[in-house]
Amino acid sequence: MKLKLVAAVAALSLSSLAHAAGDPKAEALMKKSDCFSCHAVGNKVVGPSYKDVAKKYKGNAKAPAMLADKIIKGGAGNWNAVTGGVPMTPHPQISKADATAMAKWVLAQ
Ligand code: HEC
């Protein structure tokens, strides 16, 4: 019984560690921006969960550049089945370098 509890607590702390995957600087930039008002790591909010985004583009070498572009320009189309066609807002104030770091952070989830 006690062992089960210990295992559950260990699993819980592991899953919260998993949320911290990726470059902490990129995560901080995303927290300063509006990303987490529409996205969460583990569940859909307005946009798809970051875990689902990472799964969709796993092994796709073009994903960081493509997603950085999408973060800057916004738009819909890749997740219509999840979002009902709601577009992501554009972020023209975010530099290509920062958007690429954010895309890589998302892909590490
Ligand atoms: C107004 C809500 C909203 C905000 C704010 C927002 N997103 Fe999104 N995001 C969406 C929606 C909706 C989609 C799905 C777009 C689609 O269907 O192609 C999406 C998709 C994405 C994708 C996957 C793109 C693709 O083509 O597969 C990434 C990566 C992403 N967002 C990252 C971010 C980051 C980083 C930020 C902060 C700079 C951010 N989002 C802010 C709503 C938002």
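User: Before we start, what counts as a salt bridge here?

Analyst: A salt bridge is a side-chain nitrogen of Lys or Arg within 4 Å of a carboxyl oxygen of Asp or Glu. Please keep in mind that this is a predicted model.

User: Okay, how many salt bridges does the structure hold?

Analyst: The structure holds three salt bridges. One of them pairs Lys-31 with Glu-27, and their closest N and O atoms are 3.0 Å apart.

User: Where do Lys-31 and Glu-27 lie?

Analyst: Both residues belong to helix 2, which covers residues 24-32. Lys-31 and Glu-27 are four residues apart, about one turn of the helix.

User: And is Glu-27 buried or exposed?

Analyst: Glu-27 has a relative accessible area of 15%, so this residue is buried. Lys-31 has a relative accessible area of 54% and is therefore exposed.

User: Which residue forms a salt bridge with Lys-73?

Analyst: Lys-73 forms a salt bridge with Asp-69, with 3.3 Å between the closest N and O atoms. The two residues are four apart in helix 5, a separation of about one helical turn. Lys-73 is exposed at 58% relative accessible area, whereas Asp-69 is partly exposed at 27%.

User: What about Lys-96, which residue does it pair with?

Analyst: Lys-96 forms a salt bridge with Asp-69, and their closest N and O atoms are 3.9 Å apart. This pair links distant parts of the chain, since Asp-69 is in helix 5 and Lys-96 is in helix 7 (residues 96-107), 27 residues apart. Through shared partners, salt bridges join Asp-69, Lys-73 and Lys-96 into one network.

User: Why can side chains like these pair at all?

Analyst: Side chains of opposite charge can pair when their charged atoms come close.

User: Switching to the ligand: where does it sit?

Analyst: The ligand sits in the largest pocket. The elements that give two or more residues to the shell around the ligand are helix 3 (35-38), helix 5 (63-73) and helix 6 (80-83). Helix 5 gives the most, with three residues.

User: Which residues come nearest to the ligand?

Analyst: There are 28 residues around the ligand, and Cys-35, Cys-38, His-39, Tyr-57 and Met-88 come nearest. By class, the shell has 16 nonpolar, ten polar and two charged residues.

User: What polar atoms of the protein lie by the ligand's oxygen atoms?

Analyst: A polar side-chain atom of Asn-78 lies 2.7 Å from a ligand oxygen. A polar backbone atom of Gly-77 is 3.2 Å from an oxygen atom of the ligand.

Technical notes:
Residues are numbered from 1 along each chain as its sequence is written. This is a predicted model: local features need pLDDT of at least 70, side-chain atom pairs count only at pLDDT 80 or more; totals for chains, interfaces and linings use all residues. Side-chain values use heavy atoms; hydrogens and water are left out. A residue is near a molecule or strand if one of its heavy atoms lies within 4 Å of it. A polar contact is a pair of N or O atoms within 3.5 Å; within protein, one must be able to donate a hydrogen and the other to accept it, and residues adjacent in sequence count only if both atoms are side-chain atoms. On a 1 Å grid over the protein atoms alone, a cavity is a set of points where a 1.4 Å probe fits but cannot get out, and a pocket is an open set with protein on both sides within 12 Å along at least five of seven lines; lining residues have an atom within 4 Å of a point. A molecule sits in a cavity or pocket if more than half of its atoms lie within 2 Å of its grid points. Ala, Val, Leu, Ile, Met, Phe, Trp, Tyr, Cys and Pro count as nonpolar, Asp, Glu, Lys and Arg as charged, and the others, Gly among them, as polar. Buried means under 20% relative accessible area, exposed over 50%, partly exposed in between (1.4 Å probe, protein chains only).
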